[in-house]
Amino acid sequence: MSETVRKAAITGHPVAHSRSPLVHGYWLKKHNISGSYGRVDVPPEGAEDFYRNFARYGLNGANVTVPHKEVAAAACEWLDEAARAMVAVNTLWLDETGRLCGANTDGLGFLGNLDQLAPGWDVSRESAVVLGAGGAARAVVWALLSRKFTTVHIVNRTFEKAAALVEEFGSGTKAHSWDKLGTVLGEAQLLVNTTALGMTGKAPLEIDLAPLPDTALVTDIVYAPLETDLLKQAANRGHQTVDGLGMLLHQAVPGFERWFGVRPEVDDALRSLVLEDL
Ligand code: ATR
């Protein structure tokens, strides 16, 4: 009897540079699973139709990347708690009855990375500082609130965007403009950069870490370069640091498990493989 070949793909626009096929391809091979993981470029004008009629496209599941995370969420008949909170999905599957289901695993990816590389990082959780107020910040704020941080300070160049996130998440979050950074850093146990600053080809993130308590953990969701100027400065000051590559890898875990039935590990060989591709 022939085994059913299960199929998944990264969907979005563009998808040519996505590293998801590399990650899932590594796990498929490692676990000797006869499945496939490809790329489907979904042009914006066809996105609503694609996700509404997902079952017709021969896929068992998919990841969703920009700019379709919200359109795909709207097409789902069931959403997990994170996707409901963020009104955006990055992981899709069809259930036994053919319903399109969606999850947002970006926040879980953020947590999985810290849990793996800095065990016990959330023991002190009175105050965290999140730089930025875009889609990535939304996932990180959701994740920190799910771990019961008392206060998540959202610091953004455009104050209104930080205030909009606070409006969304409510108690436990506070919005600040960039000039208040020094004050909020002084009480933080965790600093997270979710802006694109520091990424190869972007402006550097210029920030004075002097007010940050010595015991605070510093993490960046930027992973190219792996060691950003923020992480270098933090390490030089004696802070524990965690780079952003693991968030990319850990957010892929729940989808793979859902589609192919095995919970994969983020191991050193996978990290090296993706690093070589950066
Ligand atoms: P993502 O979905 O990856 O989070 P985004 O929604 O474009 O991307 O958000 C980018 C974040 O980086 C925003 O918080 C943005 O600040 P603004 O809301 O003020 O635009 C921040 N950012 C980008 N360039 C910046 C810069 N030069 N200085 C400060 N913040 C910057």
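Helix H6 (residues 135-146) gives the most to the shell around the ligand, contributing three residues, where a helix is a DSSP run of H or I of at least four residues, a strand is a run of E of at least two, and both are numbered from the N terminus. This is a predicted model, in which local features need pLDDT of at least 70 and side-chain atom pairs count only at pLDDT 80 or more, whereas totals for chains, interfaces and linings use all residues. Residues are numbered from 1 along each chain as its sequence is written.

Of the 15 residues around the ligand, those that come nearest are Gly134, Gly135, Arg157, Thr158 and Thr195; a residue is near a molecule if its C-beta atom, placed from the backbone, lies within 6 Å of it.

In helix H9 (residues 229-236), Leu230, Leu231 and Ala234 are buried, that is, 20 or more other C-beta atoms, placed from the backbone, lie within 10 Å of their own. These three lie on the same side of H9 because they cover an arc of only 95 degrees around the axis, the arc being that of the directions from the helix axis to the C-beta atoms.

The domain bounds below come from an automatic or database domain assignment.

| Domain | Residues |
|---|---|
| domain 1 | 6-105 + 252-277 |
| domain 2 | 107-244 |

The centres of domain 1 and domain 2, taken over C-alpha atoms, are separated by 26 Å. Their contact takes 10 residues from domain 1 and 10 residues from domain 2, with two residues in contact if their C-beta atoms, placed from the backbone, lie within 7 Å.

Note on methods
A residue is buried if 20 or more other C-beta atoms lie within 10 Å of its own, exposed if 12 or fewer, and partly exposed in between; C-beta atoms are placed from the backbone.
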